[in-house]
Amino acid sequence: MKKVFQKIGSTTMALLLLLSTVSWTVEKHFCMGRLMDVSFFMDAEDCGMEAAVMLIGDEEGNHCCDDESFTLEGQDDLKLNWNDIDLDQQYFLTVFTNSYLSLFAKPLKPSFEGFDYPPPILVRDIQLLGQVFLI
């Protein structure tokens, strides 16, 4: 399940990168106020009225056709430089990254080697034999 989500996420991020870097151009051709053709990345085809006006010989400029173009420029510079960020943002990012990564660090256990071993088995109680008692 984890690999499926990872593949979906990586594919989504690759598509977002592709869509943000490509320049998009939409061209529309209107004839008498009606939309006749829409084209992405290329010129929209005209309706043929321009050729008819040329044949008639109408030089007054009363053309009924209109072309509209919309261009959305993609990003060219995708690499963010550390020096482009001001000092307060650099400080915040450094502290945030350090504190976030410390959440996943395993805590260090103190190594007390004597606590893991059981006491030795006594054959005789030496303190009773020597009559030595702690007060």
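**Close-up views: ring cluster and charged patch**

**View 1. Y100 is partly exposed.** The relative accessibility of Y100 is 43% (buried, under 20% relative accessible area; exposed, over 50%; partly exposed, in between; 1.4 Å probe, protein chains only). This is a predicted model: local features need pLDDT of at least 70, side-chain atom pairs count only at pLDDT 80 or more, and totals for chains, interfaces and linings use all residues. Residues are numbered from 1 along each chain as its sequence is written, and side-chain values use heavy atoms, with hydrogens and water left out.

**View 2. F92 stacks with F96.** The count of aromatic pairs comes to 3 (Phe, Tyr or six-membered Trp rings with centres within 6.5 Å; stacked, planes under 30 degrees apart; edge-to-face, over 60; tilted, the rest). F92 and F96 lie 4 residues apart in helix 3 (residues 87-102), so about one helical turn separates them. Helices (H or I, at least four residues) and strands (E, at least two) are DSSP runs, numbered from the N terminus. F92 is exposed, at 54% relative accessible area.

**View 3. F96 also pairs with Y100.** F96 is partly exposed, at 44% relative accessibility. The F96 and Y100 rings are stacked, 6.1 Å centre to centre with 15° between the planes. Here too the spacing is 4 residues in helix 3, so F96 and Y100 sit about one helical turn apart. Ring pairs join F92, F96, Y100 and F104 into a cluster.

**View 4. Acidic side chains form a negative surface patch.** Its members are D43, E45, D46, D66, D67 and E68. Patch residues have over 30% relative accessible area and no salt bridge, with like charges joined within 9 Å (salt bridge: Lys or Arg side-chain nitrogen within 4 Å of an Asp or Glu carboxyl oxygen). Charge positions are CG of Asp and CD of Glu. Areas come from the Shrake-Rupley method with a 1.4 Å probe. D43 sits in the loop between strand 2 (34-40) and helix 2 (49-56). D43 is exposed, with 60% relative accessible area.

**View 5. G33 and D66 are 8.1 Å apart in space, C-alpha to C-alpha.** In sequence, G33 and D66 are 33 residues apart. G33 lies in the loop between strand 1 (24-31) and strand 2. G33 is exposed, with a relative accessible area of 67%.

Note on methods
Patches are made of residues with over 30% relative accessible area and no salt bridge: like charges are joined within 9 Å, nonpolar side chains (Val, Leu, Ile, Met, Phe, Trp, Tyr) within 5 Å.
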